[in-house]
Amino acid sequence: MTTENREGLIETAVRRMPKAEMHFHFEGAFRWSTVRELHPDGRALPEIPPWHGKPFENWEAFTAVFSQFLKPVTGKPEWIERHALEALEDLALQNVRYVELLVSHRFHAWRGLSEREVWEAVVRGRARAQAKHRIDAPLFLGVSRDQPPEAAEAIFEQIAEFAVPAGWLKGIDLQSDERARPNRDFARLYAKAAQLGLKLRAHAGEHGGAENVRDAVDLCGALHISHGTRAAEEPALVAYLARTGAWLHLCPSSNWLLGVCPSIAANPLRKLQDAGVRCTVNSDDPLLFATDTTREYLIATTEMGFSRSEIAGLAKNAFGASLLADRDIAEACAEIDRCLSTRKSP
Ligand SMILES: [Zn+2]
């Protein structure tokens, strides 16, 4: 079989297999066509986003996309609802069956909406997507670390008060640039979330070093690390993560385009996985990194040399890391095996 044929078969199998997204920001998942439709300068915007295919110069260039292009197209209930519908539809069309949808606590409220109004709009959009597609999408609060810990705790408590009893809020994730404040500063926030029975996730090991990953696990109790890439710099930490059963939710395109890794091939995904750490691959912000969930798996095959069985392992890890019932996880894993089996071409 030629390389081209083999890659074609893997691509077909990857597209077909059920997938779970474990690192996915709602704010980074807008459709560009919708942005062009709703943005005040929409008519002047190019067909392809101007940043596509190029590494961001720095973190400021990355965040400028949110402020210039994306914030102007949110903040109204009907727009938020539409974005939620479209983001989940785009995932469902890739056969993503589960996503932990990270919702920023303030990005959508800037026109004066209350936090409750923002969450209600997301939930309406989710319900519309779920009426048409099979996709679980528990909501996670994305807490920004560019505010004092006390302020983060206050906003968390305000949202938890209505979103936990409603069954909307299932977990938290500390996000944004780690250089602003380390995870250890937010240990009390994590203790409060743990008391409410929420799933604990934290961004770490992206622009912060290995120590921030260790703190996320040890001081915040977060066994689910968004990125965790730079944990690879410290072999003792890698062994520790494998021992404690932590999960790393990596995003190869994001790491390359934000300068965390010099190339996709340089991503330590394989090194971490081979060391026994449970890893997944994810898209992070699909619109900003010109990617999607399927593409991240394909990149693992073409640029990192992952075999079919290794791809199956990554995909099964993602379901294993989910909040789904054991029965649903087993069903998804069996389907992944069927899709990627080498005995019969899919
Ligand atoms: Zn992220």
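**Helix H3.** I began with Phe62 and Phe66, which both sit in helix H3 (residues 59-70). They are four residues apart, about one turn of the helix. A reminder to myself: this is a predicted model.

**Ring search.** Next I looked through the whole structure for aromatic pairs, and the search gave 11. For Phe62 and Phe66, I noted ring centres 5.3 Å apart and planes at 85 degrees; planes over 60 degrees apart count as edge-to-face, so this pair is edge-to-face.

**Buried or exposed?** I checked Phe62 and found a relative accessible area of 5%, so Phe62 is buried. Phe66 has a relative accessible area of 13% and is buried too, because the cut-off for buried is under 20%.

**Another pair.** I then turned to Phe162 and Trp168. Their ring centres lie 6.3 Å apart with the planes at 75 degrees, so I logged this pair as edge-to-face. The centres count as paired because 6.3 Å falls within the 6.5 Å limit. Phe162 comes out at 12% relative accessibility and counts as buried. Trp168, with a relative accessible area of 15%, is buried as well.

**Cluster.** Which residues do ring pairs link into a cluster with Phe62 and Phe66? I found Phe56, Trp59, Phe107 and Phe289 joined with them.

**Charges over rings.** Last, I looked for charged ends sitting over rings. The charged end of Lys76 sits over the ring of Trp79, at 4.3 Å from the ring centre. I also have Arg270 on my page: its charged end sits over the ring of Phe306, 4.5 Å from the centre.

Notes:
Residues numbered from 1 in each chain as written. Predicted model: local features only at pLDDT ≥ 70, side-chain atom pairs only at ≥ 80, totals over all residues. Heavy atoms only, no water. Phe/Tyr/Trp six-rings, centres within 6.5 Å; stacked < 30°, edge-to-face > 60°. Helix = DSSP H or I, 4+ residues; strand = E, 2+ residues; numbered from the N terminus. Buried < 20%, exposed > 50% of the residue type's maximum accessible area, 1.4 Å probe, protein only. Lys NZ or Arg CZ within 6 Å of the ring centre and 35° of its normal.
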